[in-house]
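Visitor: Please show me the structure first. Then I will ask my questions.

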Amino acid sequence: MLLKRPTSLPLLAPKNGGICAGTMLPFSFSSPWRIVDDCGGAFTMGLIGGGVFQSIKGFRNAPVGYKHRLRGSMNAVKIRAPQIGGEAASRCGGGLFSTIDCGLVKLRGKEDPWNSITSGALTGAVLASRSGPLAMVGSALMGGILLALIEGVGILLTRYTSQQFQNPSPFAEGPSNIPH
């Protein structure tokens with residue numbers, strides 16, 4: 001079955017409003033499209049990060065001379081950066097993390113930081129599953145702690161920035177200073 005993405009914004013908007021978790025969009029994607037969107041973002045980050053890393057690695061491993069080094073750098077980026085981007089999209093968080101997160105949202109019926117923290121822990125455990133139970137527990141702890149730190153910083157920043165935009169009280173000096 002081929003899913004067709006709706007193109008008009010009113011079809012995507014939830015009835016009660018809200019913001020899609022993981023993005024600052026004023027509407028919520030349905031879960032399949034959110035997973036695809038997150039995979040695309042992870043691929044792009046992996047492609048850019050892999051491109052930078054591989055360009056440095058190719059530059060250092062090429063023969064002496066700037067022409068050779070620049071050519072080696074470009075060849076390393078062309079060969080390896082798309083592979084790193086694909087790995088980031090499929091395994092390292094894009095698809096797996098979003099799938100678990102959307103599953104938890106559906107299962108629990110609400111979007112809160114606990115979904116992301118649990119998704120990070122489960123993603124870490126699944127990615128380390130081939131290394132045995134001890135590695136799974138360690139990776140789950142690291143994934144959960146990392147996502148807890150990210151969610152905590154996000155909550156703190158939201159609280160800090162929301163205090164900047166509060167309207168000052170019109171009677172800050174007291175009503176006795178108002179002329180009659």
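Visitor: In which helix does alanine 89 lie?
Guide: This is a predicted model, where local features need pLDDT of at least 70, side-chain atom pairs count only at pLDDT 80 or more, and totals for chains, interfaces and linings use all residues. Residues are numbered from 1 along each chain as its sequence is written, and side-chain values use heavy atoms, with hydrogens and water left out. Helices are DSSP runs (H or I, at least four residues), numbered from the N terminus. By that numbering, alanine 89 lies in α3.

Visitor: Is alanine 89 buried or exposed?
Guide: Buried means under 20% relative accessible area, exposed over 50%, and partly exposed in between (1.4 Å probe, protein chains only). Alanine 89 has 11% relative accessibility, so this residue counts as buried.

Visitor: Which residues is alanine 89 in contact with, leaving aside its neighbours within four places in sequence?
Guide: Contact means heavy atoms within 4.5 Å. Alanine 42 sits 47 residues away along the chain, yet the two C-alpha atoms are separated by 4.7 Å. The contacts of alanine 89 are Cys39, Ala42, Phe43, Gly94 and Gly95.

Visitor: Which helices do the buried residues of α2 pack against?
Guide: Helix α2 covers residues 31–61. Its buried residues include Trp33, Ala42 and Gly46. They pack against α3 (66–90) and α4 (94–108).

Visitor: Which residue forms a salt bridge with arginine 34?
Guide: A salt bridge is a side-chain nitrogen of Lys or Arg within 4 Å of a carboxyl oxygen of Asp or Glu. Here the closest N and O atoms are 2.6 Å apart. The pair links helix α2 to helix α4, across 67 residues.

Visitor: How many salt bridges does the count come to?
Guide: Besides that pair, arginine 108 and aspartate 112 meet in a salt bridge at 2.8 Å, N to O. Arginine 108 is partly exposed, at 37% relative accessible area. Aspartate 112 is partly exposed too, at 22%. The count comes to two.

Visitor: What is the angle between the planes of phenylalanine 59 and tyrosine 66?
Guide: Rings of Phe, Tyr and Trp (its six-membered ring) pair if their centres lie within 6.5 Å; planes under 30 degrees apart count as stacked, over 60 as edge-to-face and the rest as tilted. The structure holds one aromatic pair. Phenylalanine 59 and tyrosine 66 lie 6.4 Å apart, centre to centre. Their pair is tilted, with the planes at 40°.

Note on methods
Helices (H or I, at least four residues) and strands (E, at least two) are DSSP runs, numbered from the N terminus. The expected span of a helix is 1.5 Å times one less than its number of residues.
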